[in-house]
Each structure stands twice: as structure tokens, then as C-alpha cells.
Amino acid sequence: MQNFEYCNPTRIVFGKGTITELDRLVPAEARVLLVYGGGSITRNGVYDQVKAALGARTVLEFGGIEPNPAYETCMEAVQLARRENVNFLLAAGGGSVIDGAKFIAAAVPFTEGDPWLFLEKRGEVIPKAAVPLGVVLTLPASGSEMNAIAVISHRGGGEKRAFDAPLLYPRFSILDPEATFSLPLNQVRNGIVDTFVHVVEQYLTYPAEASLQDRQAEAIILTVLDEGPKTLANPTDYAARANIVWCATNAFNRSLSCGVPVDFATHNIGHELTAVYGMAHAESLAVVLASRWRLQKTAKQAKLAQFARRVWGVTEPNPAVAAELAITHTLDFFHRLGMPSRLRDYGISAVEAAEKIAARLAARRAVFGEHADVTPDKVAAILRMAE
């Protein structure tokens with residue numbers, strides 16, 4: 001196991017009726033900016049619950065945070081927050097709303113240039129201050145409610161990038177599974193796929209003698225395999241949805257990556273597909289994942305075979321064959337969820353995508369993977385394989 005340091009300061013408040021806990025969790029004197037997306041929280045009752053729980057506090061509102069939140073939209077919220085002296089942010093939504101709120105939280109006090117620098121110069125320009133942030137989760141998928149990562153798109157520059165900083169951890173996140181019941185089924189499906197991919201990107205690399213982390217990852221995947229189809233078949237099954245919500249949070253609160261190598265190449269390539277073609281985030285992941293594994297199946301063979309045996313129940317003794325069966329079973333699971341897994345399913349030319357995205361990555365000298373060897377040329381090969 002590799003050396004690691006881990007600290008997660010986010011308080012989780014989980015269960016039915018927990019939105020009322022906002023009165024306890026948000027300072028009484030706070031000037032709150034409530035950030036949300038397209039208005040679904042007004043239709044599913046979350047908005048009314050939030051406003052009631054906040055009581056007499058000063059509450060301003062900013063709606064319209066998009067899926068794949070746009071820098072340009074977030075900067076409008078930054079201007080509002082600065083103008084109104086906001087000192088607490090509350091994100092009510094899924095990963096896009098939470099990511100947007102994290103960017104807003106870091107950008108409001110930033111006076112050293114364009115806040116896009118957090119993403120353009122990730123690791124060099126780091127937030128030194130941030131407005132405190134709380135979360136009411138309405139879409140289980142990204143794990144953003146319990147991590148310090150945000151992914152933001154720049155419409156003007158055609159980019160989708162991530163940044164992170166310790167100050168971006170939410171102070172608290174309220175996870176009421178009933179607040180997710182009204183989600184469209186395609187969003188539930190996408191959340192299941194995103195959760196699955198978050199786990200395997202921290203698990204399917206190479207053996208690191210981290211038995212506990214391996215078993216934790218496998219436990220989440222097995223739970224998703226059991227509960228995902230149940231919550232799609234019966235969206236108001238509280239037990240199934242509660243398990244999916246908690247899986248999504250634990251899939252990417254970074255505990256699984258403690259002491260192990262990680263491979264976020266699938267996410268990084270997926271971000272490029274979203275930036276260039278507008279694909280939904282989870283759709284891009286389902287397209288990339290199997291080809292990513294097949295490109296370097298030999299390097300990943302030991303963990304793919306372990307995955308096949310412990311998760312999918314494969315008994316094949318040949319590790320190369322078991323590794324291929326792990327990939328096949330994964331694709332079968334995506335298809336059972338109704339998730340396509342080829343670029344052509346979205347009318348995208350694999351040849352064109354390979355050329356465009358490899359050029360974008362080459363311009364940034366980007367490399368990915370647990371060995372930092374997924375070069376732009378290899379990305380192009382992955383996309384051609386995903387035709």
C-alpha cells in the first residue's frame with residue numbers, strides 16, 4: 001500500500017425529512033445564496049422545504065446552473081454574491097449544481113485575476129479563501145457532495161476541466177433519498193453509471209496490496225449491481241434508492257483512492273467528448289470505459305481478472321480470458337440499464353472524434369492513467385475502438 005493522507009471534513013446528514021436540519025446547520029446570521037439548476041426543485045417540493053427550513057435568514061437565489069455547469073453562468077452568480085455580500089452558499093441539486101457552487105465559492109473572494117485560472121492552471125493557482133458551502137443533494141451520481149472537486153465548462157473556450165482544493169469541501173451535505181424520487185429515469189441510470197465508473201477508476205489499475213480498499217470498492221459495485229436495477233424498476237423504493245444515494249457518495253469521497261494507484265483516464269476523455277460533442281457525462285463514460293480497458297488489458301489484467309472473479313462470479317482460471325469476461329459483463333450491465341456504449345449510438349464519427357480530441361490533448365501535452373502513459377495517440381486509439 002502506498003503512503004497517503006486523508007481528511008474529509010464534510011458532515012453527512014442522511015435520511016427522510018432531513019432537509020429541516022438546515023435550520024441547525026446554517027448560521028442564523030447568514031446571508032445565503034441558494035444555487036440551483038433548471039427548476040426541478042420547485043416541482044418536487046425541495047425548494048419549499050429548503051425555504052421553510054432557512055426561516056428568517058436573508059436568502060437570495062440564483063437558478064439556471066446547467067448540466068456541465070458553465071463558467072459564464074457561474075460568473076453571473078459570483079457577481080450577485082459579491083454585490084449582495086453573500087457569506088454562505090447553499091447548493092440544492094446534483095453534481096453540476098454542487099460543482100458550480102464550489103466554483104462560485106472560490107471565485108467570490110478571488111481578486112488575483114480571472115477565476116478560470118483555477119482550472120487552466122490547476123495545481124498552480126489554488127483558492128486561498130472560499131465562501132462556506134452547504135449541499136442539499138437531489139441527484140446521486142458525482143460524489144461532489146463529499147469531495148473537494150469541481151468540473152466546469154467554458155463555453156467561450158470549448159473546454160471542460162476540473163479543479164480541487166481543500167476549501168471546496170462542503171461544510172455539510174443533506175442526503176434525503178426521497179428528494180431524488182422524482183428524477184427522470186435516464187438521470188437515475190446516468191447516476192448509476194457515473195457511480196460505477198468512479199469506483200472502478202480507483203480500483204482497476206494494478207495490485208497495490210490494499211486489501212481493504214479493494215473490498216470496499218467491490219462492495220460498492222456489488223451493491224450498485226443489486227440496487228441499481230431495483231431503483232430503476234421502482235423509483236419510489238426507498239431502500240433501493242437510499243443504497244444508491246450512499247453508494248454514489250462513497251464512490252467518490254476519495255476514501256477508495258487512499259494508498260492505491262488511480263486511473264481517471266475514462267473521466268478525462270469523457271470530459272473532452274462532452275466539451276466537443278455535448279454528450280451527457282455518464283454517456284461519455286460508458287462509451288470510453290471498455291475501450292480504455294481493452295487498450296491496456298495486459299497491464300490491467302491482474303485487477304480485471306480479480307474484478308471478474310469477485311464481482312461477476314467468473315470461474316475461468318486463465319487471467320487473460322477472465323479479464324475479457326470482466327469487460328463483457330460490464331458492457332452487458334450498462335446495456336441492461338439502457339445505456340449505449342458506442343460513439344455511433346450518438347451519431348459521432350469515431351475517426352473524427354479521435355482526431356479532434358487527440359489534437360486538443362496534444363496542445364495541452366496531457367497524459368492520463370495510473371502510469372501516466374495514456375498519451376493523445378492512445379486516446380485516439382481508444383476512441384477509434386469505441387466506434
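This is a short walk through one chain, from its overall build down to a few single residues.

Before I start, some ground rules: this is a predicted model, where local features need pLDDT of at least 70, side-chain atom pairs count only at pLDDT 80 or more, and totals for chains, interfaces and linings use all residues. Residues are numbered from 1 along each chain as its sequence is written, and side-chain values use heavy atoms, with hydrogens and water left out.

Okay, the big picture. The chain has 15 helices and eight strands; those are DSSP runs, with helices being H or I of at least four residues and strands E of at least two, numbered from the N terminus. Its radius of gyration is 20 Å, close to the 21 Å from the globule rule for 387 residues, so the chain is as compact as a globular protein of that length. That radius is taken over C-alpha atoms, and the rule is 2.2 Å times the number of residues to the power 0.38. Along the principal axes, the C-alpha atoms fill a box of roughly 65 × 45 × 45 Å.

How much of the chain is buried? That would be 58% of the 387 residues, where buried means under 20% relative accessible area, exposed over 50%, and partly exposed in between, using a 1.4 Å probe and protein chains only. As for contacts, meaning heavy atoms within 4.5 Å, take those with a separation of 6 or more: 77% of them come from residues 24 or more positions apart.

Now let's zoom in on helix H12, residues 301–310. In H12, Lys-303, Leu-304, Ala-305, Gln-306, Phe-307 and Ala-308 are buried. What do they pack against? The buried residues of H12 pack against H7, H8, helix H11 (281–295) and helix H13 (319–336).

Let me stay with H8 for a moment, which covers residues 211–233. H8 and H12 pack at an angle of about 50°, with axes 11 Å apart. That angle makes H8 oblique to H12. For reference, under 35 degrees counts as roughly parallel, over 145 as roughly antiparallel, 65 to 115 as roughly perpendicular, and the rest as oblique. On the H8 side you've got Asp-214, Arg-215, Glu-218, Ile-221 and Leu-222, and they meet Lys-303, Gln-306, Phe-307 and Arg-310 in H12. The residues of that contact split into three nonpolar, one polar and five charged. Here Ala, Val, Leu, Ile, Met, Phe, Trp, Tyr, Cys and Pro count as nonpolar, Asp, Glu, Lys and Arg as charged, and the others, Gly among them, as polar.

On to a couple of buried residues. Ala-353 sits in helix H14, residues 350–364, and counts as buried at 0% relative accessibility. Leaving out residues up to four places away in sequence, Ala-353 touches Tyr-277, Leu-343, Ile-348, Ala-358 and Leu-383. Then there's Thr-274, in helix H10 (residues 265–277), buried at 8% relative accessibility. Beyond four places in sequence, Thr-274 has contacts that include Asn-68, Lys-160 and His-281.

Last, two spots in loops. Glu-209 is in the loop between helix H7 (185–203) and H8, and its phi is near 55°, a positive value in a residue other than glycine. Is Glu-209 buried or exposed? Exposed, with a relative accessible area of 74%. Arg-365, in the loop between H14 and helix H15 (376–385), also isn't a glycine and has a positive phi of about 55°. Arg-365 counts as exposed at 76% relative accessibility.

Notes
Axes are lines fitted to C-alpha atoms, for helices over the stretch in contact, and angles run from 0 to 180 degrees between N-to-C directions.
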